[in-house]
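Trainee: I have just opened this one and would like a walk through it. Could you take me along step by step?

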Amino acid sequence: DWVKAEAANTINATTRANARRTMELLIVSDPAQLAKVRERIAANKKNIDEALVTLDKLVYLPEGKQLLAELKTARGQYVTSFGKVGQLVDAGDREGASRLMIAETLPALDALQGPIDKLTALQKRVVTDSSAELQASIARSRLVLVLMGSLSLVLGVGFAWWVTRSITAPMAEAVAIARRVAAGDLDLQVAARTRDECGQLL
């Protein structure tokens, strides 16, 4: 989910950068600077294309697929209009390029920004929801571990008590028998209840 959120953010930031670069086409008159602006725009387009490929592979929610389709449509309209502006700039018709920019390209850019913002918000929501699910899973796991630890502690204490009693009870009986014998009572009947060392002692 982080990869999708990052791709959506890349599209958002890079589209905004290209909007600025598009305006530079109308301002810059030096051919070398124009070439640099076009290189930056091309690099940004490549980054957007890569981010779209990533989203195509990873977006699975119907809402996300719909927003991605809207984004692609709006982007196609923006790129087409932008291409026309570039052609007018190349032809030396800056006034025509400026009119087209205001009438068509900038509104297309605004239309493109809508699906980008919605897709970015969706990916943020998906990441937040995934994080909440992960936190809930961690809390459940922690509870299970505490319960298992408590049960293990209770069982361990019970087993320790049983082992201790299995040793101390016969020893206490052997001590009581030894005292009676020491007191002169030799008529005792001693029956061993276990076959372990304590039973053999009795």
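This is a predicted model: local features need pLDDT of at least 70, side-chain atom pairs count only at pLDDT 80 or more; totals for chains, interfaces and linings use all residues.

Trainee: How many aromatic pairs does a search of the whole structure find?

Mentor: The search finds two aromatic pairs, where rings of Phe, Tyr and Trp (its six-membered ring) pair if their centres lie within 6.5 Å, and planes under 30 degrees apart count as stacked, over 60 as edge-to-face and the rest as tilted. The ring centres of Tyr78 and Phe82 are 6.2 Å apart and their planes stand at 25°, so this pair is stacked.

Trainee: And where do Tyr78 and Phe82 sit?

Mentor: Both belong to helix α3 (residues 62–90), and because they are four residues apart there, about one helical turn separates them.

Trainee: Is Phe82 buried or exposed?

Mentor: Phe82 is buried, with a relative accessible area of 8%.

Trainee: Stepping back, what does the secondary structure of the protein chain come to?

Mentor: The protein chain has five helices and zero strands, where helices (H or I, at least four residues) and strands (E, at least two) are DSSP runs numbered from the N terminus. Along the sequence this reads as α-α-α-α-α. The radius of gyration of the protein chain is 40 Å, well over the 17 Å that the globule rule gives for 202 residues, so the chain is more spread out than a compact globule. That radius is taken over C-alpha atoms, and the rule is 2.2 Å times the number of residues to the power 0.38.

Trainee: What does the C-alpha trace span along its principal axes?

Mentor: The trace of the protein chain spans about 130 × 35 × 20 Å. Of its 202 residues, 29% count as buried.

Trainee: Which residues does Asn18 contact, neighbours aside?

Mentor: Asn18 lies in helix α1 and is buried at a relative accessible area of 5%. Leaving aside neighbours within four places in sequence, Asn18 is in contact with Arg40, Ile41, Asn44, Lys45, Ile48 and Tyr78, where contact means heavy atoms within 4.5 Å. That list includes Tyr78, the residue we began with.

Trainee: What about Arg21, what does that one touch?

Mentor: Arg21 lies in helix α1 (residues 2–27) and counts as buried at 16% relative accessibility. Not counting residues up to four places away in sequence, Arg21 touches Val37, Arg40, Ile41 and Asn44.

Trainee: Switching to helix α4, where is Val127 found, and how far is its C-alpha atom from that of Lys4?

Mentor: Val127 is found in helix α4 and is buried, with a relative accessible area of 9%. The C-alpha atoms of Val127 and Lys4 are separated by 9.0 Å, although the two are 123 residues apart along the chain.

Trainee: And how far apart in space are Val163 and Ala43?

Mentor: Val163 and Ala43 are 75 Å apart, C-alpha to C-alpha, and 120 residues apart in sequence. Val163 lies in helix α4 and is partly exposed, with a relative accessible area of 28%.

Trainee: Last one: what is the relative accessible area of Gly156?

Mentor: Gly156 has a relative accessible area of 36% and is partly exposed. Gly156 is found in helix α4 (residues 94–182), and its C-alpha atom is separated by 17 Å from that of Ile167, eleven residues apart along the chain.

Methods:
Residues are numbered from 1 along each chain as its sequence is written. Side-chain values use heavy atoms; hydrogens and water are left out. Buried means under 20% relative accessible area, exposed over 50%, partly exposed in between (1.4 Å probe, protein chains only).
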